[in-house]
Amino acid sequence: MNARSKMKLITLGYSTVQSNFDRVYRSIKILKQLLVEANIDKFVDILVIVQFSNDEKSYEENGIRFVFTSKSGLSKSRNQVVMLCESEYFWILDDDVFPTASNVQKVLKYLVTRSFDIYIGQISCSDRDADYKNYTKSRTGKLGLLRVSSIEVIVKIDFVLDKKIIFNEQLGLGSRNPTGEENCFLLDAYHAGAKFKFINENIISHPCSNELRIVRGQNNLSRIMIAKGYIARKIGGISGFLLMLYWQMKFFAHYKRLTVLISIFKGYFFRGML
């Protein structure tokens, strides 16, 4: 039994930025109180990475750890969570989602068996009565993992440390290629032999309006398509090549722009494009 096994069971690893800190701070304090009232705070660590800060500092308040950094990039923030995690598992969370005590209890009942390296749950809509995505489609295997969102993912820290798996800091919001970091992270884990457990329950809620995602896609189309090509190459083999062709047809039909075809091609064939 290593030292980590004596620590808490799960770290809620939040990524945010300085401009959102006041809002996130208030929500985190409420979350902490809910965990205390449910008598499960003894199993849960909360770690908040705050980017775009003028000060490099860290402190703990009421059992919540805050780390401020001048760095930017979602993958860099995720990697800080990995480096600073003091629990057996970490849950990848953004600053617009806050699990309820019931959500956390639901996750804990799976983690106590410590039987899997990665647990993947489901998301419900916070702004309407629906699931965040179509969960009738398989999420198993390399292609299935592309349907997984980061906030659904809970990871055994010892597995990623032992296998030296990190988030690619050239991918994700705040980088040149603002997408795909969770896909590549999960594919790296898959190739390293991770044992996956799919939780067929909603473990968190997220707004289902896609207006922001549409704008983000239009503003960064070329770089997003390069990331798509890179992900297809990471799938590998004939499946990856066919996925590249499928994405070229799909996104060209949607955007009617030649840059889609060129950028996916570049991401797939040229390693230095990221």
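Tutor: The discussion below takes up strands, a helix pair and salt bridges in turn. This is a predicted model, in which local features need pLDDT of at least 70, side-chain atom pairs count only at pLDDT 80 or more, and totals for chains, interfaces and linings use all residues. Residues are numbered from 1 along each chain as its sequence is written, and side-chain values use heavy atoms, with hydrogens and water left out.

Student: Is strand β5 buried or exposed?

Tutor: In β5 (residues 89-94), 6 of the 6 residues are buried, so the strand is largely enclosed by the rest of the structure. Buried means under 20% relative accessible area, exposed over 50%, and partly exposed in between, with a 1.4 Å probe and protein chains only. Helices (H or I, at least four residues) and strands (E, at least two) are DSSP runs, numbered from the N terminus.

Student: Which residues point which way from β5?

Tutor: Tyr89, Trp91 and Leu93 point one way, while Phe90, Ile92 and Asp94 point the other way. In a regular strand the side chains alternate between the two faces of the sheet.

Student: Which strands pair with β5?

Tutor: Strand β1 (residues 10-17) runs parallel to β5 and is joined to it by 6 bridges, with Phe90 as the bridge partner of Thr11. Strand β7 (residues 153-156) pairs with β5 in the antiparallel sense over 3 bridges, and there Ile154 is the bridge partner of Trp91. Pairing requires that DSSP finds at least two bridges between two strands.

Student: Changing topic, how many salt bridges are there?

Tutor: The count comes to 10 salt bridges, each being a side-chain nitrogen of Lys or Arg within 4 Å of a carboxyl oxygen of Asp or Glu.

Student: What does the one between Lys29 and Glu61 tie together?

Tutor: Their side chains meet at 3.2 Å, N to O. Lys29 lies in helix α1 (residues 21-37) and Glu61 in strand β3 (residues 57-61), so the pair ties together parts that are 32 residues apart in sequence. Lys29 is partly exposed, with a relative accessible area of 28%, and Glu61 is partly exposed at 25%.

Student: And what of Asp188 and Lys234?

Tutor: Asp188 forms a salt bridge with Lys234, the closest N and O atoms being 2.9 Å apart. Asp188 lies in helix α6 and Lys234 in helix α8, so this pair ties together parts that are 46 residues apart in sequence. Asp188 counts as partly exposed, at 26% relative accessibility.

Student: Which residues are linked in a network of salt bridges?

Tutor: Asp45, Arg65 and Glu86 are linked in such a network.
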